[in-house]
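Here is a friendly note to read alongside the structure. Keep the picture open and find each residue as it comes up.

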Amino acid sequence: MQTPATIVLGSVNMDLVIRGSRLPLPGETILGGEFFQAPGGKGANQAVAAARAAQTSVAFIAAVGDDNFGKLSIDGFVADRLDVSEIRTIPDCATGIALILVDASGQNMISVASGANSRLAPADVDAVPDSLFQNARVFLCSLETPIETVRRGLERARDFGLTTILNPAPADRRILEGDLLSLVDILTPNETELSLLTGRPLPEGANSPDSSPIRAGALELQNRGCATVIATLGAEGCLVVADTVWSAAAFRVTAVDATAAGDAFNGALAVGLAEGRLLPDAVRFASAAAALSVTHSGAQPSLPPRFTIQRLLDLSADDRVSEGKNR
Ligand code: ADP
């Protein structure tokens, strides 16, 4: 197996889902409904998104418990060709679990027991061999593991000259404290996270890249120390605040389920940059992966393999050529 060019650090959950006619009230028991379980967790989704988008393996730094959910999760990662050598199995601890109730209209209630995710410690990041960082080019992390561990990961990645990406999800204002954002090359909030981090309420319908609250929010975060902010805006694409400010349109697709669009975007962005693409090209690669993910239901089942990402990019390049000819 080739040495991974991309390292992802983050959470692993097993999602236990009951889809029923309605959500229970406190103290109420509702019989009926359908149960299914699916691998999830932001870190795992992003790592799998990266592994499917990449030509080589991707390394995942994470923690699971010594239970069946942990074993199942790791089996799934191996099937996706992830490098699992840095996933810790923590004794006497449960794998992260998300209990999800969904009603007929798609409304949900979610309760998460972080389990092993909350035990992923800075010392675990210190224990990762130098060689993994030496050979990698991009480090991607999110916020479902302890912030001290995220920080240690960013520090080590920086020490080895990797490009660092922080997806600030779920939004946590502690990332604004101290110099944490100066360890981040690219911050990738969605519109809700942007609003929570900057304290700027976004008026209804303000999610276009031209919206001034979004531009102002992204610039504010950039001023706090990260070189680049990419605000992802669902079907509106994304706004990139780097040396200059520009936007990238979303690919036009028939949306079925937007779950994990951001995870698909972040995983593919990391891979695109690790392959040496320039930022606009990497953002296009990420947007194609994310658009494909919304055409299928679920989180990990919807994350596209590289050849479908490439096919969408080729098709849209053909469209651009024919648009040019018709002009
Ligand atoms: P999150 O899942 O974190 O809320 P977003 O909803 O902002 O993230 O989506 C991330 C990216 O996924 C967007 O920037 C866009 O490129 C793509 N995307 C999301 N929804 C759609 C859609 N309906 N059609 C095409 N692309 C989409």
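This is a predicted model: local features need pLDDT of at least 70, side-chain atom pairs count only at pLDDT 80 or more; totals for chains, interfaces and linings use all residues.

1. Let us begin with helix H8, which covers residues 261–274. Does its length agree or disagree with what 14 residues should span? It agrees, because 14 residues at 1.5 Å a residue should span 20 Å, and the end C-alpha atoms are 20 Å apart. H8 is also mostly covered, with 13 of its 14 residues buried. After the helix comes Gly 276, which has a positive phi near 95 degrees.

2. Now look at the partner of H8. Two packed helices are described by the angle between their axes and the distance between the axes. For H8 and helix H9 (residues 279–293), the angle is about 145 degrees and the axes are 7 Å apart. The crossing of H8 with H9 is right-handed. On the H8 side, the residues that meet H9 include Ala 264, Phe 265, Ala 268 and Leu 269. On the H9 side, Ala 282, Val 283, Ala 286 and Ala 290 are among those that meet H8. What classes of residue make up the contact of H8 with H9? There are 14 nonpolar residues, three polar and no charged.

3. Next comes the largest nonpolar core, which has 53 residues. Phe 60, Ile 230, Leu 269 and Val 283 touch the most other members. Several elements each supply at least two residues of this core, including helix H1 (42–53), strand E4 (59–65), helix H2 (68–79), H8, H9 and helix H10 (306–326). Which helix gives the largest share of this core? That is H9, with 10 residues.

4. Leaving out residues up to four places away in sequence, Ile 230 touches Leu 269 and Val 283, along with Phe 265 and Leu 279, among others. The list for Ile 230 also includes Ile 186, Leu 187, Cys 238, Leu 239 and Val 240. Apart from the core in point 4 lies another one, of 41 residues, and Ile 90, Val 125, Leu 132 and Leu 180 are among its members.

5. An α-helix has 3.6 residues a turn, so residues three or four places apart point the same way.

6. H6 passes H7 in a left-handed crossing. Here Leu 194, Leu 197 and Thr 198 of H6 meet Ile 214, Gly 217, Ala 218, Glu 220 and Leu 221 of H7. This contact has five nonpolar, two polar and one charged residues.

7. Ser 195 also sits in H6. Is Ser 195 buried or exposed? It counts as buried because its relative accessible area is 17%, and the cut-off for buried is under 20%. Beyond its neighbours within four places in sequence, Ser 195 is in contact with Arg 200, Pro 201 and Leu 202.

8. Finally, please check some backbone details. A cis peptide bond joins Ala 169 and Pro 170, with omega about -5 degrees, and Pro 170 lies in the loop between E9 and strand E10 (186–187). Arg 81 is not a glycine, yet its phi is positive, near 65 degrees. Arg 81 is in the loop between H2 and strand E5 (87–90) and is partly exposed, at 40% relative accessibility. Asp 92 likewise has a positive phi, about 55 degrees, without being a glycine. Its place is the loop between E5 and strand E6 (96–102), and Asp 92 is exposed, with a relative accessible area of 74%.

Terms used:
Residues are numbered from 1 along each chain as its sequence is written. Side-chain values use heavy atoms; hydrogens and water are left out. Helices (H or I, at least four residues) and strands (E, at least two) are DSSP runs, numbered from the N terminus. The expected span of a helix is 1.5 Å times one less than its number of residues. Buried means under 20% relative accessible area, exposed over 50%, partly exposed in between (1.4 Å probe, protein chains only). Contact means heavy atoms within 4.5 Å. Axes are lines fitted to C-alpha atoms, for helices over the stretch in contact, and angles run from 0 to 180 degrees between N-to-C directions. A crossing is left-handed if the near helix is turned anticlockwise from the far one by less than a right angle, and right-handed if clockwise. Ala, Val, Leu, Ile, Met, Phe, Trp, Tyr, Cys and Pro count as nonpolar, Asp, Glu, Lys and Arg as charged, and the others, Gly among them, as polar. A nonpolar core is a set of buried Ala, Val, Leu, Ile, Met, Phe, Trp, Tyr and Cys residues joined through side-chain atoms within 4.5 Å.
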